[in-house]
Amino acid sequence: MAEERGRVMTASDKAIVAVANRKGGTGKTTTTVNLSVEWARQGWRTLVIDLDSQGHTGLGLGVDGAANPAATVHHLFRDPAVPLETLCSRTEVEGLTVCPADPGFDGQIAGAVDPFLLRRCLEQADAPRFDRVVIDTPPTSGAALLIAFVAATGILVPSPPDFLAAEGIRQLSQLFYTVATRHNPDLTRFAILPVMHDPRLRMHRTVMQDLERQFGRTRMLRGIRTDIKLAEAFGAGQPIQVFNRRSRGGLDYHLLAEELDAAWSWAPAIKKDAVHEIGSPGR
Ligand SMILES: Nc1ncnc2c1ncn2[C@@H]1O[C@H](COP(=O)(O)OP(=O)(O)O)[C@@H](O)[C@H]1O
Ligand SMILES: [Mg+2]
């Protein structure tokens, strides 16, 4: 069972990552699926939440929210007190649970949305515990984006390195500061993930240097190179780790999971298997 795989988290080492970019087609869903599968494979109890009602994240993990709208994260908008576990489904990846999206959700919400809607659900006293939570968000700036930021401890912005990237990232960094200062003191990390980049292209290198100058070196991650295998894996309905783990994309997502763990230094890297390694003689 997932609960037996990781260690118990304390409030200080929560890792809840919202993957955001208000433009479509910037690798949010690809990043959500492959990062979460990577973390689950590394032994972390991982939850994926698909706040984008297109539902691609759930589908990418073999779970279709259309089959049971009451078992989707969007059901929270209808019943804010519903227990987290009734919204979740297991996936075929060991240790990976998903709260899929409801493709029938049309964004019409009666009354004002409580920004703490998702956060409260994750913090319910008897909710299942996870070491890593990854939230996919829609390419809009509505209620779904706000509730994701209020629930998160870190924001990850996947962005292809084109000349218009900076403007979109700046808007998200403003939302990050607003939410971090007004609503959510646990929100302390913000990182830019260059995706679909080709290190051989001078234009890509220039844009990445510009972003580094504007947002700070520590905010720039190594990135995910362009790899057609990532698109093919998505088309085949499989995470890259299953489709072709040794591909460039598979390697880059593997390194991203490790880079985030190191750069954002959440929990010390003590997984069940690692405890033995660290404690064994001679180490
Ligand atoms: N690193 C990459 N290399 C090649 N294709 C990619 C890469 N990342 C994403 N894609 C493809 O780009 C398209 C948009 O990605 P997606 O993750 O759906 O973006 P978003 O969720 O932001 O709309 C998809 O067809 C996906 O397969
Ligand atoms: Mg998407």
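Predicted model: local features only at pLDDT ≥ 70, side-chain atom pairs only at ≥ 80, totals over all residues.
**Exercise 1.** Determine in which helix Ala 151 lies, and whether Ala 151 is buried or exposed.

*Solution.* Step two is to apply the cut-off, under which a residue is buried if 20 or more other C-beta atoms lie within 10 Å of its own. Ala 151 has 27 C-beta neighbours inside 10 Å and therefore counts as buried. As background, 44% of the 283 residues in the protein chain are buried.

**Exercise 2.** Identify the residues in contact with Ala 151, leaving aside its neighbours within four places in sequence.

*Solution.* The contacts are Ile 16, Leu 118, Arg 119, Leu 122 and Ile 135. For Ile 16, the sequence separation from Ala 151 is 135 residues, while the C-alpha to C-alpha distance is 7.3 Å.

**Exercise 3.** Explain why H7 is described as largely enclosed by the rest of the structure, and state what covers its buried residues.

*Solution.* First, list the buried residues of H7: Ala 144, Leu 145, Leu 146, Ile 147, Ala 148, Phe 149, Val 150 and Ala 151. Next, because eight of the nine residues of H7 are buried, the helix is largely enclosed by the rest of the structure. Finally, the covering elements include strands S1 (16–19), S5 (132–136) and S6 (154–159), together with helices H6 (117–123) and H8 (165–182).

Notes. Residues numbered from 1 in each chain as written. Chains lettered and ligands numbered in written order. Buried ≥ 20, exposed ≤ 12 C-beta atoms within 10 Å, placed from the backbone. Contact = placed C-beta atoms within 7 Å. Helix = DSSP H or I, 4+ residues; strand = E, 2+ residues; numbered from the N terminus.
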